[in-house]
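User: Could you walk me through this structure? I am new to reading models.

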Amino acid sequence: MKLCWLDIRKADGAKEAIVEEAVHQRVDAIVAADPADLELLPPTVKKVLFPTGGELPEKLELADLVIVDPARHGEPAELAGRYPGVEFGRYVEIVDADSLEDACRAARLDKWSLLYFRDPTKIPLEIVLAAAAGASGSIITQVADVEEAEIVFGVLEHGSDGVMLAPRVPGDATALKTAAVSRAADVPLVELEITGIRRVGMGERACVDTCTNFRLDEGILVGSHSTGMILSCSETHPLPYMPTRPFRVNAGALHSYTLSAEGRTNYLSELVSGGRVLAVDSQGRSRVVTVGRVKIETRPLLAIDAVSPSGVKVNLIVQDDWHVRVLGPGGVVLNVTELTPGTKVLGCLPVEKRHVGYPIDEFCIEK
């Protein structure tokens, strides 16, 4: 879970509403320049004092953590000796090679490092994260908006330990918290038994090309009905007549559902560049990946029928070609044209019906 700090030092008239929302959303810390703004905060939120002037204010003991700029306030270790019982962290503004080295040193040695990168490139942050690998301290990166926070969370696949955002309006705290916790939950997979395959004529199928290479036992969940999907394999495995395309899943007919971010479903026909889908491996571990392109072309189609141990019927319509594959137990790769009754494949059984992609508890029959 990534840490969310809200900076209210310049919140002005919206400060009370922003703090109320932040506490309700259980953000990790409120950052203020005046100890009085921290005094009445509940114990569920970390009280961080970050003075804007050159002098440290009185009543530092009201804060759980004091962030200092060493050039203005002194070194954290020296201040800790002068103020027993007060925890200090370091602020570094990265503007050149020397300040970048300061940030790397802080990330390696200090318990708390608050970093501000003046330039928009994320390469300096990558360098800091690499330099701090294995360190026990926490790196908080100052961001301009929620969109930047999402990027910072993913730099070098690890990201900063947290971000500090100065909210512009109420609602920013909620959006930031959502971005911080929107890591895909594992998907409970079940073994489905194939009951039959049949040719169903021509139709449009969709290949989903993502901006990520899939792993060997990873694909996306696809099905004709929202209540049952089969794990369609990526083109990660070698083929005799074409190069591998490990970023692609030849997913199924364009009407099919697939799981997307935040528990939603999308029709394959709805996916567009920049959209998100859920990549799932044979153990049910999932991650959100970005769609780069969707190719919809007319091809002969094959209907795959399966049933779950609980009796739920599942259907998937795919291109009728042996190089289209699904995954079986243990990540076994299965060519769809070679499936026979009794073959086991992996899938999932979402329990909710769907309305415009959202789960909903209502009467609905899908055939």
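This is a predicted model: local features need pLDDT of at least 70, side-chain atom pairs count only at pLDDT 80 or more; totals for chains, interfaces and linings use all residues.

User: Which residues of helix H1 are buried?

Analyst: In H1 (residues 15–24), Ile 18, Val 19, Glu 21 and Ala 22 are buried. Buried means under 20% relative accessible area and exposed over 50%, with a 1.4 Å probe and protein chains only. Helices are DSSP runs of H or I, at least four residues, numbered from the N terminus.

User: And which are exposed on the other side of H1?

Analyst: Glu 16, Glu 20 and His 24 are exposed there.

User: What is Leu 6 in contact with?

Analyst: Beyond its neighbours within four places in sequence, its contacts include Ile 18 and Ala 22, two residues that are buried in H1. Contact means heavy atoms within 4.5 Å. Leu 6 is also among the members of the largest nonpolar core that touch the most others, and that core has 48 residues. Such a core is a set of buried Ala, Val, Leu, Ile, Met, Phe, Trp, Tyr and Cys residues joined through side-chain atoms within 4.5 Å.

User: Which helix gives the most to this core?

Analyst: Helix H5 (residues 97–109) does, with 5 residues.

Conventions: Residues are numbered from 1 along each chain as its sequence is written. Side-chain values use heavy atoms; hydrogens and water are left out.
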